[in-house]
Amino acid sequence: MDAEQVITVLAGFPGTRIVEGNGDAFAIHDPDHDYEQRPRQGWATVVRSDVNDTASDLDRPGAFRLNIGLPTARYRELFPTDPGIDPATRDVLFPHPVYAAHHWVAVVEPDTTWPRVRALLDDANDFAVRKHGNAVRRRG
């Protein structure tokens, strides 16, 4: 999978808006089309450079990292302890190098990991849908 293919998959989730900036793409659950009035964090991102962190050595041709925000329980199932994976390793799922404490995982250039990663995207999107529903109920 290349970055554009991953972004196409992210854009296919119902209610998802892709916001792009600095070459990166952010998948945001926005079924109400009110992101401009009510900005929120994405549920997955595709980053293509080392602008925000240098952990994955993304300043090379074709490199990208897919980041996925998961519910706490799902994250802990995957990583009950820090596995000590080098975040520049290709095609290996690891705790996000900066946002692991917020239950984000990452993979550089997913290939053989794609089926597993694709299932995690479902989990992350379901989580974003639930959070949106909770926010709508709170706003009443």
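Okay, a quick definition before anything else: when I say buried, I mean under 20% relative accessible area. And keep in mind that this is a predicted model.

So, take Tyr75. At 9% relative accessibility, Tyr75 falls under that cut-off, so we call it buried. Phe79 comes in at 10%, so that one is buried too.

Now, aromatics. How many aromatic pairs does a search of the whole structure find? The search turns up 2. One of them is Phe13 with Trp43, edge-to-face, with 4.9 Å centre to centre and 75 degrees between the planes. That pair ties together distant parts of the chain, 30 residues apart: Phe13 sits in the loop between helix H1 and E1, while Trp43 sits in the loop between strands E2 and E3. Phe13 is buried, at 8% relative accessibility, and Trp43 is buried as well, at 4%.

Then there's Tyr75 with Phe79, the two residues I opened with. Their rings are tilted, 5.8 Å centre to centre, with 50 degrees between the planes.

Back to Trp43 for a second, since it also shows up around Thr16. Thr16 is in strand E1, residues 16-21, and at 15% relative accessibility it counts as buried. Leaving out residues up to four places away in sequence, Thr16 touches Leu10, Ala11, Ala27, Ile28, Trp43 and Asn125.

Last stop, helix H3, residues 114-139, where we find Lys131. Buried, exposed or partly exposed? Lys131 is partly exposed, with a relative accessible area of 44%. Lys131 and His29 are 102 residues apart in sequence, yet their C-alpha atoms are 9.4 Å apart in space.

Methods
Residues numbered from 1 in each chain as written. Predicted model: local features only at pLDDT ≥ 70, side-chain atom pairs only at ≥ 80, totals over all residues. Heavy atoms only, no water. Helix = DSSP H or I, 4+ residues; strand = E, 2+ residues; numbered from the N terminus. Buried < 20%, exposed > 50% of the residue type's maximum accessible area, 1.4 Å probe, protein only. Contact = heavy atoms within 4.5 Å. Phe/Tyr/Trp six-rings, centres within 6.5 Å; stacked < 30°, edge-to-face > 60°.
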